[in-house]
Amino acid sequence: MTTKFGRRAFLAGVAASALPIPAIAQAAPVRIGLLTIKTGSLAEGGIQMEQGILTFLKERNNTLAGRKVDFISADTGGSPAGAKTKAQELIERDKVDVILGPLAAFELLAISDYIAQQKTPMLSLAAAEDMTQRKPNPYFLRASATSAQAMQPLADYAAKEMKAKTAVLIAEDFAFGYEQMGGFQRVFEDAGGKVLKKIWAPLGTADNTPFIAQIGQCDVVCQGFSGSAPVKFMKQYADLGLKTPVIGGETAGDDALMKSFGDEAIGMINACPYTLDLQNDANKRFVADFTKDYGNVPGFYAAGLYVNGLVVEAGLQKVNGDTSDKEAFVKALRAVQLTDTPRGPIKFDDHGNVIGNIYIRRIEKQNGKLANKTVKTYENVSQFWTYDEKTFLAQPVYSRDYPPLKS
Amino acid sequence: MSLWLVLTVNSIAFGGLLFLLSAGFSLIFGLMRIPNLMHGSFFMLGAYFGASFVMWWGVEFWLAAIIAAVLVALLGGMLERFVLRRLAGQEQAQVLLTLGVSFMIADLCLMAWSGDPISVEAPASLQGVARLGGLIFPTYRIAIILLALVIAVALWALIDGTRLGAMIRAGVDDPQMARICGIRVSYLFTTVFCLGAGLAGFAGMIGSPILSIYPGLDSDMLPLALVVVILGGTGSLLGSLIGSFVVGFLYNFGQALLPELAYFVLFLPMVLILVMRPQGLFGRRAP
Amino acid sequence: MKRLPWALALLVLAAVPLWAGGSFYVNIVSQILIAAIFALGLDILVGYAGLISLGHAGLFGVAAYTVAILLEHGFSHSIAILAALGMSLATTMLFAVLALRTTGIGFIMITLALGQLLWGLGYRWIDLTHGDNGVSGRARPLPFGFSLDSADHFYYATLSIFLVVIAGVAIMTGSPFGASLRGTRDQPRRMTALGFDVWTIRFIACVMSGMCSGIAGILFFYYNEFISPHALALSASAEVLLMVIAGGSGTLLGPVAGAALVVIMKSVMSAYIERWNFTLGAIFVLIVLFMPEGLVPGSRRFARFLWAATKARRGAAPARSGG
């Protein structure tokens, strides 16, 4: 319906502008590629990513900025080599204009150089800090969060609102775990708290009990488990009879996991860039459409891709649908500022990372089911929290041993 | 609760679970010399089946576990009877088949149950903690320890006390002689494979209140079963029992005491033991 | 005339950039060749020595990481590659000394454990390997000034190395050493009785196998310009083993066919078949059911069966033969 008008409008715009672009190119569909994981243990997040973007495209009737959308989904299989192959497939064979995804940080790092070489804009949920800090990629945008972006306000909440003085941190023994906990530790310690221990559980551990057993006495336990691990963590935590309140990051309390948790999760505080109970138009529409099509509530992964869709649409509108100038398209994407998205208002900083709200939620039982209830909203949170950007970047990236334990 | 007590209880409980998982593998390999790389998949499938009975049809926990075990045993039996039997002695084909089937089962589970983790509650009577002499024990884990011991005793009675057990022992020691003595070795093989698969499926359901059920459970558990069987020696029930507890203790105390070496805590001892005693702690030297 | 199929195959391979249909597909063929080198190496142990290894991804990964880390610290390509080959040799010899204490399932388990130890090192030795973030490489080598940046050029480099490796394996298996290796697989006790040093023969086979894995690892790193611990996971070792068995162990082309099967399913067919993992598993099961010796020997057997059947039909109706 809007297609004809849109086409005429921007053909007119093309004629008016000085750019000598053949009219035929504009009528071609815009090609959006998705790198996701649909097999293996990370498939849960990957499937939701696809569902999120499909919901968005369906709402928009598969048309963005007057151009039809050609959507191509690629399964990387959860390996960096697979991500590289699929990225090559999307860029060299399918000639996509923009790539959404990949899911995991190790996949992103494997293709970052290639994406920059091919000058293809990419919007990913992968949380690797340095992608928008010390090793930035001009073609990369992240509308979700860095690993620490939600943990830093969480630490603030723990120190100031929960009045916690001591904390024990526990996460999986890989970069995402280190970066989450690093961010938490820095802000918690700067607010006067003390981190007693950092415990790392190797990947692929079925039973986390030996690690949970080491937690000991403290005011609050901060966990950063991801994927399906938060469910068994809370179970095993409760089995040990531990009573210390648990707080977690964006993956620990994901709305989509609520149906898998048992009652032991009630009371967990978690920080996330997205919250199911955000009462704005965009989120209401998104949640309604998603639940209708898939029978489940959306979580962080689905919402993240939906928001990516919004960003791509806004970027396309800025360039009047012309994606042939890749540098201009990326610039337009990074200049996007939106107020009505399922996660609230967003804009991007100079490194391509989002500045947006972080929601602190508490898991409660509503109508017999578990759900997150937002208890506090931190607005305009950037990846640097309240720190000066230069100082932040001058320090090493959060890792297993950084920041070092003061005790 | 003191750290050491928690770790000890968990070591024994985890060891018990591993015994249920690996006893089957040990018997299958000891008798039929089949490296059954589908064993982790049987574990996961049993968990998914059992959880489905509980969630969708409100079946009681233990009953669901038994039905799940029977279903997995049937699947195992069919695979043995119609496919594995044709590959007798062809180790490489057996590896290809068992790995291929494990891919199929993993993907089928993803299709049927989606990627979301499933959490199963322990039966209500066993939830929470028990207090004994001022110490706190998670009740369900104690139940697993008792269950594993009961099943271990039952298996031992089967192997040492019944004719079937005698036939199994004969088959493990010398399959050709066993045939000459008139033992229907092919029926024996199918029976043992069903038993092994069923035990694994049962273990999966029993373990699910602790481990939950998620894609990747099969590949998390299979290496553990292999380590147990190698440490304990194949074909030896006592070996599986001891091996399970050794792995349980290594897993818990190793991770807690040597966090820097958490990734190596299982495989380093395994390499050391294999290098010094390739047949495992209780196995016999391969002919 | 026996050489004709080989010559044709060579021609087809040499012309890949012309008929493959774009840089993406040329890259796929490069990936197949790299996987084939890896599988050929493993086949030396699995097919000719009768020793199944589930830890070869560790050997593959050690070479890749050595190149990656040395390049990152500023060493030249030549030094990095030589060092990687050296590391591969050293690691393989260590593996072999430990693993050859036993055969059969013991060998499988020790190699599995050793592979897992290397995988764990990749994750934990963060100062060296950056953990699961992996190590990136920004440049490919310039052999004799020839740039390998384009898909076509890299393909030719890979093809040359592949041809050298497969020729080497062919020569080895046809040689007296190859015969004695097969002897140790089929009749180890008789071989010992005849005075052969079975352990040393197996050790040499391990070393050759490990070096091939190392070469594949180096190519893999340069192809992806990235290495991370995922390449050393148990699933990677299982995958290359599947390639060897499915393709046909103990044959020259079997590992190549198996590599092609897996790479094509994973990287190309996954775009068209959503449940490609299931399909791949099903293909393996079908291979086991109908061609348990593997694709290549099974196809030969099938081809011979067809040939014999057509000959029989012609023989049964002599009046119809045109002469």
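Between chain A and chain B, twelve residue pairs are in polar contact, both residues at pLDDT 80 or more; such a contact is a pair of N or O atoms within 3.5 Å, and within protein one must be able to donate a hydrogen and the other to accept it, while residues adjacent in sequence count only if both atoms are side-chain atoms. The side of chain A that touches chain B has ten nonpolar, 13 polar and ten charged residues. In these classes Ala, Val, Leu, Ile, Met, Phe, Trp, Tyr, Cys and Pro are nonpolar, Asp, Glu, Lys and Arg charged, and the others, Gly among them, polar.

This is a predicted model, in which local features need pLDDT of at least 70 and side-chain atom pairs count only at pLDDT 80 or more, while totals for chains, interfaces and linings use all residues. Residues are numbered from 1 along each chain as its sequence is written, chains are lettered from A and ligands numbered from 1 in the order in which they are written, and side-chain values use heavy atoms, with hydrogens and water left out.

The contact (heavy atoms within 4.5 Å) takes 33 residues from chain A and 34 residues from chain B. The buried area is about 2,700 Å², with 55% given by carbon and sulfur atoms; this is the accessible area (1.4 Å probe) lost on putting the two parts together, summed over both. Asp207(A), Lys235(A) and Asp239(A) supply 19% of the area that chain A buries against chain B, more than any other three residues.

The interface of chain A and chain B has three salt bridges, defined by a side-chain nitrogen of Lys or Arg within 4 Å of a carboxyl oxygen of Asp or Glu. One of them joins Lys259(A) and Asp116(B), at 2.7 Å from N to O.

| Residue | Phi | Relative accessible area |
|---|---|---|
| Trp385(A) | about 55° | 17%, buried |
| Arg33(B) | near 55° | 43%, partly exposed |

Trp385(A) lies in the loop between strand 15 (369–381) and helix 13 of chain A, and Arg33(B) in the loop between helix 1 (3–32) and helix 2 of chain B. Helices (H or I, at least four residues) and strands (E, at least two) are DSSP runs, numbered from the N terminus.

Cis peptide bonds join Gly101(A) to Pro102(A), with omega about 0°, and Tyr402(A) to Pro403(A), with omega near 0°.

Key: Buried means under 20% relative accessible area, exposed over 50%, partly exposed in between (1.4 Å probe, protein chains only).
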